[in-house]
Amino acid sequence: MLIIHRYIFKGLIPPLLINLLFLTTVFLMTEMVKITKLIVNYNVSPATIGFILLFSIPHFLVFVFPMSVMMAVLLTLMRMSGDNEIAALKSGGVSLYKLLPPIGILAVAGCLATLFMTVYGMPQGKMAIKQLTYQMLTSNTDIGLKARTFNDSFKGVTLYVNEVDLHDKKMKDVFIEDRRNPKAISTIVAPEGQLLKDSEGRSVRLRLYHGMINQVERGKRSANAIYFTTYDINLNMTQTVNVKRYLREEEDEMSLAELNAYILKVRERPEKYYDALIELHQKFSIPAACLALGLLAVPLGVELKSTRRSAGLGMGMFIFILYYVLMTAGRVFGEMGWYHPAIGLWAPNILMGMGGIFLLIRTANEKPTYLFEFIRSLGRLVRKTLQQLLHRSLRR
């Protein structure tokens, strides 16, 4: 059995690594729009982009690890079933239960790796991105300043510049709408301006020349115009993106100790309390998905012996999407306070685990599972429904 277990474990490693690499790349590709915006609009260096991607990886790996474990088990057992290796082992007196130890080792390893990412990797990555953003803002006062484009990056201020000389930090035809004072909205127009920064890099000062301020006071229902020769408007860089460099404000940025303390602090505030509870349980429920999905993949891989590998990939994607939908629904209803957040976040693991145990017992005892018949019937029903909806829409 040790030789068989070693053989199965070696067979699990290649599909696991391939799935980790492929899925991580796919998740990183979803950040390309943001990265393109940083490069084109904000002139961010490639090194900074690389660090942002690196610090984003822990957040993706939280979901990549469970899916990769499930796909590795599914594809490995599909290959063994297709090559009649499972049938040969059964004929030699090896039951399906005896093949579980190497799969269990992989699932536990994936669970621990995911737990490390949820408890330590993701909060540290979030804080690293926050600190990097802070440094990027304070070292580039002209970040996001683009000619003929409305810039609303500064909190409460909208800035439009017709021409910008980034080398001399000079601007022409400047328009500013200042909404930081809710009682009085100011509109500032100036033909010339200059961008200045303080020594600590925490604030930006726009010095405008020979312009006019139009101010509307809502309470008094009055408006006045002021002409000026020189006018300075200060913009706080830390408020620009609401960045506090070393303060963990969001629940997913906190460590376990900080999150537990935060839960006790906001117990009387339901909206904050439920969000914090959801984040706490999610740190443990997602790693546990490696065990539930890995167990469910065992009978599926054995049953898919006469099916193409593409069907196995589709089956794996379908199961993970179903898990993610259940988890999202549980999170949403938990945030609304319909039930305790632990119910919604742990229910997908319980359902997938119980389904895996049921199918495993049926498969090990050579009894029909009727799973694929159910899926085919469901697929035909969905296809028929879509065709009817399409036919009705065309008739209209």
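Modeller: Residues are numbered from 1 along each chain as its sequence is written. In this predicted model local features need pLDDT of at least 70, side-chain atom pairs count only at pLDDT 80 or more, and totals for chains, interfaces and linings use all residues, while side-chain values use heavy atoms, with hydrogens and water left out.

Biologist: How many helices and strands does the protein chain have, and what makes a run a helix or a strand?

Modeller: The protein chain has 11 helices and five strands. Both are DSSP runs numbered from the N terminus: H or I of at least four residues for helices, E of at least two for strands.

Biologist: Why are H3 and H8 called roughly parallel?

Modeller: Helix H3 (residues 46-82) and helix H8 (residues 270-303) pack at about 15 degrees, with their axes 8 Å apart. Axes are lines fitted to C-alpha atoms, for helices over the stretch in contact, and angles run from 0 to 180 degrees between N-to-C directions. Under 35 degrees counts as roughly parallel, over 145 as roughly antiparallel, 65 to 115 as roughly perpendicular, and the rest as oblique. H3 is therefore roughly parallel to H8.

Biologist: What makes H1 and H3 oblique?

Modeller: Their axes come within 6 Å and cross at roughly 140 degrees. H1 and H3 are therefore oblique to each other.

Biologist: Which residues of H1 are buried?

Modeller: Buried means under 20% relative accessible area, exposed over 50%, partly exposed in between (1.4 Å probe, protein chains only). Among the buried residues of H1 are His5, Ile8, Gly11, Leu12 and Pro15. Of the 396 residues of the protein chain, 40% count as buried.

Biologist: Why does arginine 148 count as exposed?

Modeller: Its relative accessibility is 56%, so arginine 148 counts as exposed. Arginine 148 lies in the loop between helix H5 (100-139) and strand E1 (157-165).

Biologist: What does arginine 148 touch?

Modeller: Contact means heavy atoms within 4.5 Å. Not counting residues up to four places away in sequence, arginine 148 touches Tyr160, Val161, Asn162 and Glu163. The C-alpha atoms of arginine 148 and tyrosine 160 are separated by 6.5 Å, at 12 residues apart along the chain.
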